[in-house]
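Here's a quick walk through a few spots in this model. Have the structure open and follow along.

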Amino acid sequence: MKQLVVIGGGVVGLTTAWALVQAGHRVTLVERAAALAQGASRANGGQLSYRYVSPLADAGVPLKALGWLLDRDGPLRLRPDGTLAQWRWLGAFLAHCKASTNRRTTARLLALGAFSQRCFLELQREAALNAIELRTPGKLVVYRKPAAFERAARQSDPKGPERAMSRDECLALEPALGDCGEPWLAGGIFTAGEAVADCHAMCLQLGRRLEQHPNFRGWVHAHALGFVEEHGRVVALRSTEGELAADGFVLAAGLQSAALAAPLGIRLPLYPLKGYSLSAPIGGQHRPPAVSVTDFERKTLYARIGQQLRVAAMVDLVGEDTSLDPSRLAALHRNVLASFPKAADYSQAVPWAGLRPATPSGAPMLGATPLTGLWLNVGHGALGFTFSFGSARILADLISGRPSPLDLDGLALRAA
Ligand SMILES: Cc1cc2nc3c(=O)[nH]c(=O)nc-3n(C[C@H](O)[C@H](O)[C@H](O)COP(=O)(O)OP(=O)(O)OC[C@H]3O[C@@H](n4cnc5c(N)ncnc54)[C@H](O)[C@@H]3O)c2cc1C
């Protein structure tokens, strides 16, 4: 049994803490906010997208990005934030925009997704997670442009769980797609078995289960400031509540992990990809989509979470800025009203902005570091809710001295 400290009380830190206590370790969680899951895990898209992982870095994306940047309602925005980190990240991202690199990353993420799904089912049972609005409606990725749909249909594996659907088949599966008067879709790819849940509710419930667990030492409401290193080993965490000594430390502080690792000489290539969400109430008169829908061209997700429609969208490279930009919110409102006008009461929608902690490739960074006692679980980007369960189990196995249940090639710490 080891004494461990997990830094970060978002979905990644909480699932890691759970996997570690289940593995028999004693765990303390350090979170700077007064409540759990107030960062990227607060109001995300809610999709558990185990089989549709689609890393952003791909061949053709730099050219498409130019078009998106010129479109005032486009899914992408770039504003120089005055840091070298932004240009470095962009350079590394562009280097990953190759079909062969995308195929490799996709294969790794699909393996992590399938493993994560199994780990989620176990966690749900072990922690009796019952108030998280979990549904398994399947996921429909819809395409506006016939050429994009035909390409996706050609690439989908006929032996796999995905099914290419014509426009009419999509409308039969999800009638809400026809509510805008002139349906805008060319076709879609449907994957049965994909799920939706309330990430924030799950984090809060998992936090309560942890507090009842005999191996959990509690969570410290404190700002982690840095590490104490002795002869290549991290021995303590410095925090606003004093020093915490332990046998091991898991860095799961989302975007802020980079600043905590940097003084140790570990450069984590993380950059915030800002996204927005709307949570709009669903009344008796509304027709929300039953399946979870992703609008491929507009990079917009629609998921029913309980009595709310959660719409999540946009990738803005504007630095560490969580402000609600009125022009982006207006664009999101125009988009949802044109696509699903009858799905929810958008006049009552609660807006939110969060920062996806993203690596250039789109793959998280898991496992050991060059320093004994310091472990990473960071960089989950656009799919941190989906991958958190599998990533947490990998960390727990490694820290317990067992081999990783998945090949970590491309997922472990590597030169940026
Ligand atoms: C708009 C949007 C939509 C998304 N949709 C989906 C989706 O549909 N499906 C999906 O799988 N994923 C989705 N994601 C991605 C997912 O939300 C993130 O990948 C995930 O929440 C990252 O979790 P995390 O725990 O690493 O980071 P966070 O949730 O940000 O948690 C990090 C925690 O560390 C704490 N912390 C930071 N610094 C310190 C410090 N120095 N000391 C102590 N504590 C510290 C923070 O306060 C925070 O609580 C979406 C993200 C966004 C923004």
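## Asp-321 and its loop

Keep in mind that this is a predicted model. Asp-321 sits in a loop, the one that runs between strand E17 (308-317) and helix H9 (326-339). Is this residue buried or exposed? Its relative accessible area is 18%, and since the cut-off for buried is under 20%, Asp-321 counts as buried.

Who does Asp-321 touch, if you leave aside neighbours within four places in sequence? The contacts are Arg-79, Lys-274 and Leu-355.

## Leu-121 on helix H4

Next up is Leu-121, which is part of helix H4 (residues 99-126). With a relative accessibility of 47%, Leu-121 is classed as partly exposed.

## Helix H7, wrapped up by its surroundings

Helix H7 covers residues 199-212, so 14 residues in total, and its first and last C-alpha atoms are 20 Å apart. That is close to the 20 Å you'd expect at 1.5 Å a residue. At the start of H7, Asp-198 puts a side-chain oxygen within 3.1 Å of the backbone nitrogen of His-200.

How much of H7 is buried? Of its 14 residues, 10 are, so the helix is largely enclosed by the rest of the structure. Among those buried residues are Cys-199, His-200, Ala-201, Met-202 and Cys-203, along with Leu-206, Arg-209 and Leu-210. The cover over the buried part of H7 includes helix H1 (11-22), H4, strand E9 (216-221) and helix H10 (384-399). H4, one of these covering elements, is the helix that carries Leu-121.

If you're wondering about disulfides, the count is 0. Cys-170 is in none, and the nearest cysteine sulfur, belonging to Cys-180, is 13 Å off. Cys-170 is also buried, at 0% relative accessibility.

Definitions and conventions
Residues are numbered from 1 along each chain as its sequence is written. This is a predicted model: local features need pLDDT of at least 70, side-chain atom pairs count only at pLDDT 80 or more; totals for chains, interfaces and linings use all residues. Side-chain values use heavy atoms; hydrogens and water are left out. Helices (H or I, at least four residues) and strands (E, at least two) are DSSP runs, numbered from the N terminus. Buried means under 20% relative accessible area, exposed over 50%, partly exposed in between (1.4 Å probe, protein chains only). Contact means heavy atoms within 4.5 Å. The expected span of a helix is 1.5 Å times one less than its number of residues. A polar contact is a pair of N or O atoms within 3.5 Å; within protein, one must be able to donate a hydrogen and the other to accept it, and residues adjacent in sequence count only if both atoms are side-chain atoms. A disulfide is a pair of cysteine sulfur atoms within 2.5 Å.
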